[in-house]
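Reader: I'm new to reading protein models. Could you walk me through one, feature by feature?

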Amino acid sequence: MDKNVFQTEMNRVAFTPAGRKALADALMKGGTVSARRPVSWARRGMAAALAAVVLAGSAMAAGTLWERYFGRLDEGQQEVIETLSQELPAAECNGTVITPLAAFGDQDFYYLMLEIRAPEGTVLPDYGGDEGYYQFSNPDTREYMTLVDSAGNEIGGSREFEWMSRSGGSEVLTAVIRLWPAEGVDFSDGTDKILHLPGLWLQSPDKIYTPVLTGGWDFNIGAHTGNIESRILDTTGVTVEDDRFGTVALDFLRVSPLGLRYRSSWVPGAEDNTLLSPPLEISVVMEDGREIYLDNTEGSGRDDECWYESYGPFEAPIDLDKAACVRWNGVEIPIN
């Protein structure tokens, strides 16, 4: 088998040089690479060409594209997105071109907006909930959207996607994918992280999967990173009292424009320890008094060791220069 065949294909996915060589070597040894994920949006007049590269850090990407997902963004929020943005090339397979319209992320969260443009003559209808949903995976055939490193090893974490409202022809869809890392994964470390989309299916209400677009589309979201700004705040001596867990300490707190990560611990021997972690609230208070909450959270911990770590993204990016403090169960920790 000719290694140059693999090398040529890897050149099209925009790997780092070291990562491209490692993946080619892994494939020559019989390794497999899985990664899955597509998204779409319509922009009339955009050439459906593999060589097309959208400037994710442009004013249009921040001011127009992401407002369709987050809602209205002020100038500071737009600048945050532009600072974190990356440029990713389009991918083509079987006549379907998937173009990254915008992409940005930090250590813990990554957002990717994709336009899916089907081959000429292919119609991608709008479906209601009673008709079915477009999906990027098919559990019946064990084809899933995945994220892998340059050697084909799976990178753990969660993957979400949301379809945007149509704004183009019937052959175009747009979606936003949001990635969450597993423990120990840093989206901003500059190493290759290949998101692979195995196809597009229509999932019926009865969980029957019908192929719509077949092939494979790869996007390296890790080879290039924007200017990451996160802050680890001083939590020395920060504690609260909880009815079930007793004295709870805030051991670690990192805030970025995209979200929060924090770790808490408590003294062993609490009388009622039926929950994994204390039910405490956390938010960011902006200088103008607005309180910003997390859109969702994930976490892990050990109740026998009395600690818990949680992280989650904001409902929309924030400008840290305009943030006053993090409010943790009523206690305020200054940011600036």
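Reader: How many residues line the second largest pocket, and which lie nearest its centre?

Author: Before that, some ground rules: this is a predicted model, where local features need pLDDT of at least 70, side-chain atom pairs count only at pLDDT 80 or more, and totals for chains, interfaces and linings use all residues. Residues are numbered from 1 along each chain as its sequence is written, and side-chain values use heavy atoms, with hydrogens and water left out.

Author: Now the general idea: on a 1 Å grid over the protein atoms alone, a pocket is an open set of points where a 1.4 Å probe fits, with protein on both sides within 12 Å along at least five of seven lines, and lining residues have an atom within 4 Å of a point. Here, 15 residues line the second largest pocket, and Gln-77, Met-286, Arg-290, Ile-292 and Ile-318 lie nearest its centre.

Reader: How much space lies in that second largest pocket?

Author: About 220 Å³. A volume is the space filled by probe spheres set on the grid points, which are joined across faces, edges and corners.

Reader: What kinds of residues make up the lining of the second largest pocket?

Author: The lining has 8 charged, 6 nonpolar and 1 polar. Asp, Glu, Lys and Arg count as charged; Ala, Val, Leu, Ile, Met, Phe, Trp, Tyr, Cys and Pro as nonpolar; the others, Gly among them, as polar.

Reader: Next, salt bridges. How many does a search of the whole structure find?

Author: Side chains of opposite charge can pair when their charged atoms come close. The cut-off is a side-chain nitrogen of Lys or Arg within 4 Å of a carboxyl oxygen of Asp or Glu. On that basis, the whole structure has 16 salt bridges. One of them joins Asp-108 and Arg-261, at 3.0 Å from N to O. Asp-108 sits in the loop between strand 2 (96-105) and strand 3 (110-117) and Arg-261 in strand 13 (residues 259-266), so this pair ties together parts 153 residues apart in sequence. (Strands are DSSP runs of E, at least two residues, numbered from the N terminus.)

Reader: Which residues are linked with Asp-108 in a network of salt bridges?

Author: Arg-254, Arg-261 and Glu-309 are in that network with Asp-108.

Reader: Are Asp-108 and Arg-261 buried or exposed?

Author: Buried means under 20% relative accessible area, exposed over 50%, and partly exposed in between (1.4 Å probe, protein chains only). Asp-108 and Arg-261 are both buried. Arg-117 and Glu-115 also form a salt bridge, at 3.6 Å from N to O, and both are buried. Then take Arg-302 and Glu-305, whose closest N and O atoms are 3.7 Å apart in their salt bridge. Arg-302 is partly exposed at 38% relative accessibility, and Glu-305 is partly exposed at 47%.

Reader: And strands: how many bridges join strand 12 to strand 13?

Author: Two strands pair if DSSP finds at least two bridges between them. Strand 12 (residues 246-255) is joined to strand 13 by 7 bridges, and the two run antiparallel. Leu-253 stands opposite Tyr-262 in strand 13, and a hairpin through 3 residues joins the two strands.

Reader: Which other strands pair with strand 12?

Author: Strand 11 (residues 239-242) runs antiparallel to strand 12, with 4 bridges, and Glu-241 stands opposite Thr-247. Strand 10 (residues 231-232) also pairs with strand 12 in the antiparallel sense, over 2 bridges. There, Ile-232 stands opposite Arg-254, a residue that also belongs to the salt-bridge network.
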